[in-house]
Amino acid sequence: MQLLIADLHLQPSQPDIAKGFIDYLRGPVRQASSLTILGDLFEAWIGDDYRGEFEQRIIAELKACAEAGTRLAFMHGNRDFLIGEAFAADSGCALLDDPTVMELGGQRVLLMHGDSLCTRDEAYMAFRRQARDPAWQAQILAMPVDERMALARKLREQSGEANTNKAEDIMDVTPEAVVETMQAHDVSVMIHGHTHRPAVHELNVGGEPAKRYVIGDWRPGKGWQLRVDDDGLTLASFPI
């Protein structure tokens, strides 16, 4: 059994979600061969050099899970794109490129966070290009911690304000981008998060049937996962 999750947005102000994730790591994940996190594990990450008590606890729980035998992998999201090699080493998570092709359930599957598919949101795509630029990241990481924390708060506020004024379809994936990306990677199955719109979409890619799985975000009382086992791929929510 393999498990995939996304968009937990862990933060000290949401202790119920954090507890749910810790219980998940100590329970169901220990029965899985692997857990893949497709981005936005944290609501914000200002650099591996900052570890508050909250961040340290999550890292310790991930490490304990990895040491118990479950393979852990992490892909950057749009909130925690500054996670680096130090976090990976300390948590036991392998870092995945976005996108990554992986074999799941005996088939080639394309894994993504999903934000790069929202091509109609031109303002966000411009920010994404900047945020993923190594030179820009180095400049941010060179700032004092308090300045980075202030910048993270500012960016979250700006994002929230901008999203309230955007049409719903702009913040969802662009259908043409989905098909083009799947064709470019020669896959018939795509899995991503980001949009907070859990669903299984039936597609046609190059004249062949295909599927796009969207993993839901975690909220107080409810988590989402994609389970891969002998029965295939199953998207489901569960109580936390």
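Predicted model: local features only at pLDDT ≥ 70, side-chain atom pairs only at ≥ 80, totals over all residues.
Residues are numbered from 1 along each chain as its sequence is written, and side-chain values use heavy atoms, with hydrogens and water left out.

**Entry: Asp 7 and its annotated group**

I placed Asp 7 in the loop between E1 and H1; helices (H or I, at least four residues) and strands (E, at least two) are DSSP runs, numbered from the N terminus. Its phi is near 60°, a positive value in a residue other than glycine. Most residues other than glycine have a negative phi, and most peptide bonds are trans.

I then checked the record: UniProt, in an unreviewed entry, places the feature "binding site" at Asp 7, His 9, Asp 40 and His 196. These four are spread over 190 residues of sequence, yet they cluster in space, with a largest C-alpha distance of 11.3 Å. UniProt positions are given in the numbering used here, feature names are shortened, and annotations may be inferred rather than shown by experiment.

I listed the contacts of Asp 7 (heavy atoms within 4.5 Å), not counting residues up to four places away in sequence; among them are Asp 40, His 113, His 194, His 196 and Asp 217. His 196 lies in the loop between E7 and strand E8 (199–205) and is partly exposed, at a relative accessible area of 28%. Leaving aside neighbours within four places in sequence, I found His 196 in contact with Asp 7, His 9, Asp 217 and Arg 219.

**Entry: Asn 78**

I noted a further "binding site" annotation in the unreviewed UniProt entry, covering Asn 78, Arg 79, Asp 121, Ser 159, Asn 163, Lys 166 and His 194. Asn 78 sits in the loop between E3 and helix H3 (85–91) and is buried, with a relative accessible area of 16%. Not counting residues up to four places away in sequence, Asn 78 touches Asp 40, His 113, Asp 115, Tyr 124, Arg 132 and His 194.

**Entry: other backbone points**

Asp 186 lies in the loop between helix H7 (175–184) and strand E7 (189–192) and counts as exposed, at 61% relative accessibility. The peptide bond from Asp 98 to Pro 99 is cis, with omega near 5°; I placed Pro 99 in the loop between strand E4 (93–96) and strand E5 (100–104).

**Entry: nonpolar cores**

I looked up the largest nonpolar core, which has 34 residues, and those with the most contacts inside it are Leu 10, Phe 21, Leu 41 and Leu 62. Such a core is a set of buried Ala, Val, Leu, Ile, Met, Phe, Trp, Tyr and Cys residues joined through side-chain atoms within 4.5 Å. Elements that each supply at least two residues include helix H1 (15–26), helix H2 (53–67) and strand E3 (71–75). The largest share, six residues, comes from H1. Apart from this core lies another, of 18 residues, among them Leu 38, Ala 73, Val 109 and Leu 226.

**Entry: cysteines**

How many disulfides does the structure hold? I found zero, a disulfide being a pair of cysteine sulfur atoms within 2.5 Å. The sulfur of Cys 65 is 8.8 Å from the closest cysteine sulfur, in Cys 93, and is therefore too far for a bond. Cys 65 is buried, with a relative accessible area of 0%, and Cys 118 also counts as buried, at 3%.

**Entry: Gly 223**

I located Gly 223 in strand E10 (residues 222–229) and found it buried, with a relative accessible area of 0%. Leaving aside neighbours within four places in sequence, Gly 223 is in contact with Trp 218, Ala 236, Ser 237, Phe 238 and Ile 240.

Key: Buried < 20%, exposed > 50% of the residue type's maximum accessible area, 1.4 Å probe, protein only.
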